[in-house]
Amino acid sequence: MLKRSRRRSGPSYPVRDLSYVQTQGGRTRRHRFAREIQSFSFAVGVAVILQALCYLYIITLPGRTDWLNISAAILALSFVPLISAAILTAFRRHEAPIVISSVVTAALFSVAVSVLSALRVPVSYSGLALCLPITVFCMAFANVRFHRQLDERVALAGFSGSDHVMREIGELPLLAGPEAELGGTEILLIDPTEHHSEAWSPLLAACYLGGIEVMPWMRYLEIKRGRLDVSSFDTSHLSYAPGQMLYARTKRFFDLAGVLLSLPLTVPIAALVALYIFARDGSPVVFVQIRRGYGGRRFRMYKFRTMYRGSGGGSTSIGDKRIIPGCELIRKLRFDELPQIVNILRGDMSLIGPRPVAEYVSRAVEEVEPKYALRSLVLPGITGWAQVTSGYAGTTQEELEKLSFDLYYIKHLSLDLDLLVLFKTVKTVLFGSGAR
């Protein structure tokens, strides 16, 4: 019998795992999936609870008590927002968070219904019809927040304008030079004009090859705050996707459809507002003002007159004595804008776009910032991204503040952004933020 040979002694080897690679300069990245899925947890929980309550209410109205089938249906529906959240984490930088979340959620909802049908589980289709929009809304809301949420470890590469960026974005770790250690950085913010150089090339190459996302600081500002940096903006930065071009061509159809479908509601409200103004201060109940429109062309914009006759125009202030009593509520609810339906039908305006300003305002602001004229690259709107995000502007500086939001809207024009503006407009009207 052969004797077992002794283990040959020799040099000790490092542990046979990837920790050895780390000692040679390799990096490890944090697992983002668990952290990203947590950002959907609240919306998923709300969707599951609301679905269960609505389905229970509808299905028990006729007196059904087959709790096993009811529980199976609720369980199947509960998986829809959960799986939807897991899938949506893969679309972090997608430009259409509302559309993509709606498509994914609706598709998963149809799969859940198909599974229940295949298992021959009796369901309430009216209950399912009520649950679908609830789930779609919850996931769309969560995905919009997720799209704008940047919780990764962000660092800024130092350059001549670092102080300005810090004031705009907030305090961030600063890489003083191209030899600085990246550490646990997951997103590196750069200035395209200064960092695409020979000195910074090795560090940028290490980021590209090592899975670190390199992002211009202006892009980070767009995502984080929903606005552009006016000083660095140029029309060459506008690069529209085919989907945006298609939506721009069909936006007129959506405007007309929205106006025509809302006429049964808007016409009676407009008639009541007109009668009230006439009763309080006589005619005319509508006034006309020349505004700057698409392509810089002037047009006649219509509004209900909410100030006393002969009180002059210009900006209003809180508690302005020129406003007819009771018209504060009309202005707060934006009912004074209803005559602009005529402007939409004529093609002067859109439902959503940069708010048109008076000629004297345009001239005054353009003397300070010529880029203010770029607001006329798209049709003006009754409501817009700047209106629901930054509120009322009464000074030149506030108009320049709103310009950064208007340029963001022009650059990111899409159905998604318009739906978000509509949602925020309803919120603004209900809570009165930005109204004066």
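I began with Leu75, which is found in helix α4. Helices here are DSSP runs of H or I, at least four residues, numbered from the N terminus. This is a predicted model: local features need pLDDT of at least 70, side-chain atom pairs pLDDT 80 or more, while totals for chains, interfaces and linings use all residues. Residues are numbered from 1 along each chain as its sequence is written, and side-chain values use heavy atoms, with hydrogens and water left out.

**Core.** I looked up the largest nonpolar core and found 32 residues. Such a core is a set of buried Ala, Val, Leu, Ile, Met, Phe, Trp, Tyr and Cys residues joined through side-chain atoms within 4.5 Å; buried means under 20% relative accessible area (1.4 Å probe, protein chains only). Phe40, Tyr55, Phe109, Val123 and Leu128 have the most contacts inside this core. Two or more residues each come from α3 (41-60), α4 (67-88), α5 (97-118) and α6 (125-148). The largest share, eight residues, comes from α4.

**Tyr55.** I set aside its neighbours within four places in sequence. Its contacts (heavy atoms within 4.5 Å) include Ile70, Leu77, Pro122 and Cys131.

**Helix α5.** Which elements do the buried residues of α5 pack against? They pack against α3, α4, α6 and α17 (415-431). Phe109 and Leu116 are among those buried residues. I also checked the length. At 1.5 Å a residue (times one less than the number of residues), the 22 residues of α5 should span 32 Å, and the end C-alpha atoms are 31 Å apart, which agrees. Just after α5, Arg120 takes a positive phi of about 60°.

Terms used:
Buried means under 20% relative accessible area, exposed over 50%, partly exposed in between (1.4 Å probe, protein chains only).
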